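Dear colleague,

The structure you asked about follows below, together with its sequence. My notes come after it; please read them with the coordinates open.

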Amino acid sequence: MSAHPAPVAGAGAETPRHVAIIMDGNRRWAQARGLPVALGHRAGADAARRAIEAAIRAGVSWLTLFAFSSENWSRPADEVQELTLLLRHYLRAEVNQLTKEGVRLRVIGDRARFGEETQKAMLAAEEVTASGQRLNLTMAISYGARAEILAAARAVASAAQRGELDPAQLDEARLEQHLYTAGMPDPDLIIRTSGEQRISNFLLWQAAYAELIFQPVLWPDFGIEDFNAALAAYAARERRFGARTG
């Protein structure tokens with residue numbers, strides 16, 4: 001789903017429907033305090049809770065958090081294990097609160113790289129929160145946008161090979177049906193913390209017309225005021241989606 005609202009000449013953007021966040025800075029936050037990296041990731045989990053609360057308060061309908069990239073598997077084994085354990089704990093510990101707050105959780109990414117126990121925790125959390133209508137929360141886990149696009153291309157090629165799809169009829173909407181984000185609106189706003197100014201293989205297809213905001217705050221220090229500051233900066237921008245407004 002990638003339909004864009006019609007731009008309004010000279011007008012700032014409304015509250016974004018979909019906000020995506022690249023949660024960066026856990027390691028640097030821990031290192032600056034002389035703490036183990038694991039404590040940085042745990043503090044990052046607390047920041048994720050604050051971001052969810054901020055999105056609900058602001059009336060954002062979709063929130064996507066980049067929690068674990070496909071490249072993160074190359075980190076030291078002990079850090080990967082800590083991230084996996086923290087993820088599993090978060091999925092189990094937070095599910096009741098998410099349900100209470102009307103949050104529907106989805107997980108996108110290559111789940112097959114995780115063990116059976118973690119995969120079961122993901123599925124269980126999705127099933128328990130399936131009726132939530134206040135906020136659609138998506139966790140991008142073991143996610144890489146290039147791999148996502150490649151998988152979609154392979155699916156389309158297979159369909160064409162089976163005679164189910166005429167390649168000449170392929171358009172953006174049909175390709176998007178094979179992305180992890182099928183059925184989701186494209187992000188209006190992408191926030192990255194820690195001062196880095198890149199999107200690091202995150203939602204490359206979906207981010208075509210997203211507004212990008214880079215904040216210096218390290219992710220564990222991210223709070224509601226930072227979320228609201230990003231929304232204010234977004235509201236001051238004029239979104240044209242390639243069209244001229246004057």
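Helices H3 and H4 are roughly parallel to each other, because their axes cross at roughly 15 degrees and angles under 35 degrees count as roughly parallel. H3 covers residues 77-100 and H4 residues 116-128, and the two axes come within 10 Å. The crossing of this pair is left-handed. On the H3 side the contact is made by Thr84, Leu87, Arg88, Leu91, Arg92, Val95 and Thr99. H4 contributes Glu117, Thr118, Ala121, Met122, Ala125 and Val128. Sorted by class, the residues in the contact of H3 with H4 are 7 nonpolar, 3 polar and 3 charged.

Please keep in mind that this is a predicted model. The protein chain has an average pLDDT of 91, and 93% of the residues score at least 70. The stretch to treat separately is residues 1-12, where pLDDT stays under 50. For these residues the model has 23 contacts beyond four places in sequence.

H3 also packs against H2. The axes of H2 and H3 come within 10 Å and cross at roughly 30 degrees, which makes H2 roughly parallel to H3. This crossing is right-handed, whereas that of H3 and H4 is left-handed. From H2, the residues in the contact are Val37, Ala38, His41, Arg42, Ala45, Arg49 and Ile52. They meet Glu79, Glu82, Leu83, Leu86, Tyr90, Glu94 and Leu98 of H3. By class, the contact of H2 with H3 has 8 nonpolar, 1 polar and 5 charged residues.

H2, which spans residues 37-58, has a further partner in H7, residues 224-235. Here the axes come within 9 Å and cross at roughly 50 degrees, so H2 is oblique to H7. The crossing of H2 and H7 is right-handed. On H2 the residues involved are Arg50, Ala51, Glu53, Ala54, Ala55, Arg57 and Ala58. Their counterparts on H7 are Ile224, Phe227 and Leu231. The contact of H2 with H7 has 7 nonpolar and 3 charged residues, with no polar ones.

Now the sheet. In what order do the 6 strands of the open sheet lie? The order is S3-S4-S2-S1-S5-S6, and the pairing is parallel. At the edges are S3 (103-108) and S6 (211-214), each of which pairs on one side only. On average, neighbouring strands are turned by 20 degrees against each other, direction ignored.

At the S6 end, strand S5 (residues 189-192) is joined to S6 by 4 bridges, and these two strands run parallel. Ile190 stands opposite Leu212 in S6.

Best regards

How values were computed. Residues numbered from 1 in each chain as written. Predicted model: local features only at pLDDT ≥ 70, side-chain atom pairs only at ≥ 80, totals over all residues. Heavy atoms only, no water. pLDDT = per-residue confidence, 0-100. Contact = heavy atoms within 4.5 Å. Axes fitted to C-alpha atoms, helices over the stretch in contact; angles between N-to-C directions. Parallel < 35°, antiparallel > 145°, perpendicular 65-115°, else oblique. Left-handed = near helix turned anticlockwise from the far one by under 90°. Nonpolar A, V, L, I, M, F, W, Y, C, P; charged D, E, K, R; others polar. Pairing = 2+ DSSP bridges.
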